[in-house]
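Hi everyone, thanks for coming. I'd like to walk you through one model today, so please have a look at it while I talk.

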Amino acid sequence: MNDVSPGSPDRVRIGLLGCGHVGAALASLVAERRAEVARRQGLDLEVTRIAVRNTAIDRDVPVDDGAFTTDAASVVADPDVDVVVEVMGGIEPARELVMAALSAGKPVVTANKELLANHGAELYALAADNGVDLLFEAAVAGAIPIMRPLRESLAGEPIERVMGIVNGTTNFILSRMSDDGASYADALSEAQSLGYAERDPTADVEGYDAGAKAAIMATVAFGARVVAGDVYHEGISGISVADIEFAADLKHCIKLLAVAEQTVADDGQSQVGVRVHPTLVPLDHPLASVNGSFNAVFIEGGAAGDLMLYGRGAGGRPTASAVLGDLIDAAANLRRGSAPGIGVLERARIAPIDDVTSAYYLNLEVDDRPGVLAAVATVFGEHGVSIRSMEQEGLGGEARLVFITHGARERDLRATLTDLRSLDAVRAVGSVLRVIGD
Ligand code: NDP
Ligand code: HSE
């Protein structure tokens, strides 16, 4: 254990729920930073209890073996635990444990986006009722400070849209496929071995993890309650190397984006659209340069203009850094008896995906003969979908037509696709992907 400064810092005993990638990194970081935190913040942080599933695993953390237990509830209830850190993941028993801690007046720090995206509102309310913190910086975009800027620095900003690359695993996979020609399967197993992936990587590759983060970002950015079930999502498992190459020919890359935006519905009321999908990003957009497991969140504000926060979005130690920041904040607030809370949250009115407007990329395989292009263009026009660019590539008797549209409503694009599929000259409709930048 490191020495702390002699100015009698306040002792803060931490109960850790989970000691996997994030929990183990946090236990080490707390020990490494202990003396400095005591000197600067007057807080003597120490992990005193740790709950795990299997106490027989040898864990390389600077905490006594006697601190470990499989009884997570006893960690929360322990009178020698002042602050609870939940890094076990999943909904149950994490939800019950967090509720027990808050009800007992203990601040909670969590990295668990799944829990917050499904049960955040009840937990924030319980924290407020008990006058303690529930902090969750690490739950969105790992080490990147995004929750606190949205809650504090941008509290008065009329935020219009928040767009992020918020899943390290999928960004790592897409980068490896694009830069090194790696197969999807190889890139995924590499991401798992580096500790980026969720226990079930389906959550990453099918967009559920990013969807949970999008719900949390929308809730905090717009002060409106959005839950995981409100988020439209498509994953990256259908993206091929050919799609990545077509995108590159058009000077775009493909990223899994989480988008949360506030728009005005046809009846004049404000609504929130939240979605996750693979997206063509122009190579000159700041998000195009975010590669590997890095994440970034791009905020479009009515007064501040555009902002981007960039950094490591996954991995034990980067995530532990965000948890430690919250831990210090929670401990300082506990000492001064304050807990700012998340503020009033009204249930968001969710924009149906059919109403969402986006530009689209689509490619068609068609017969290569006179009149085909005109017939195809007519279908776009009939549904009010305006073509921004078109390229044709010969395929010997057939042709591939690659279109990028101007902004179009999802429902109009879907109707266009239905009619295109019914044209005799259209052999196949390939990938259809949204495009940002229009
Ligand atoms: P791991 O699977 O590596 O670790 C989970 C830990 O929780 C393990 O120590 C496990 O015990 C313990 N645990 C699970 N269930 C129980 C239970 N019922 N009782 C007691 N202990 C339990 O997960 P990560 O560290 O990767 O992630 C933790 C959380 O952080 C998740 O919510 C995740 O979404 C989030 N997160 C993760 C990031 C990352 O890059 N990994 C980044 C940002 C957030 P045992 O070791 O015995 O199995
Ligand atoms: N599995 C997540 C990711 C961890 O890949 O981004 C961070 O939340």
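This is a predicted model: local features need pLDDT of at least 70, side-chain atom pairs count only at pLDDT 80 or more; totals for chains, interfaces and linings use all residues.

Residues are numbered from 1 along each chain as its sequence is written, chains are lettered from A and ligands numbered from 1 in the order in which they are written, and side-chain values use heavy atoms, with hydrogens and water left out.

Let's start with the domains. The protein is divided into domain 1 (10-142 + 317-343), domain 2 (148-311) and domain 3 (354-435), with bounds that come from an automatic or database domain assignment. The C-alpha centres of domain 1 and domain 2 lie 27 Å apart. Their contact (heavy atoms within 4.5 Å) takes 22 residues from domain 1 and 20 residues from domain 2. Between them, domain 1 and domain 2 bury about 1600 Å², with 57% of it on carbon and sulfur atoms; buried area here is the accessible area (1.4 Å probe) that two parts lose on being put together, summed over both. On the domain 1 side, Lys113, Ala117 and Val140 lose the most area to domain 2, together 33% of what that side buries. There are also five salt bridges between domain 1 and domain 2, each being a side-chain nitrogen of Lys or Arg within 4 Å of a carboxyl oxygen of Asp or Glu. Elsewhere in my notes I have the salt bridge between the side chains of Arg148 and Asp326, at 2.7 Å, N to O.

Now the helices. Helices (H or I, at least four residues) and strands (E, at least two) are DSSP runs, numbered from the N terminus. Buried means under 20% relative accessible area, exposed over 50%, and partly exposed in between, with a 1.4 Å probe and protein chains only.

In helix H3, residues 94-103, the buried residues are Ala94, Arg95, Leu97, Val98, Ala101 and Leu102. They cover an arc of only 165° around the axis, which puts them on the same side of H3; the arc is that of the directions from the helix axis to the C-beta atoms. Among the elements covering them are strand E1 (10-17) and helix H4 (113-130). After H3 comes Gly105, with a positive phi near 80°.

Where do the buried residues of H7 sit, seen down its axis? In H7 (residues 184-193), Ala187, Leu188 and Ala191 are buried. They fall within an arc of 100°, so they line one face of the helix. On the other side, Ala185, Asp186 and Ser193 are exposed. The cover over the buried residues of H7 includes helices H6 (168-180) and H8 (202-205).

Next, strand E17, residues 398-405: eight of its eight residues are buried. E17 pairs in the antiparallel sense over seven bridges with strand E15 (357-367), and likewise over seven bridges with strand E16 (387-394); pairing requires that DSSP finds at least two bridges. Tyr361 has Ile404 of E17 as its bridge partner, and Gln392 has Leu401.

Finally, Phe380 in helix H12 (372-382). Phe380 is buried, with a relative accessible area of 0%. Its contacts beyond four places in sequence include Phe403 and Thr405, two residues that point the same way from E17.
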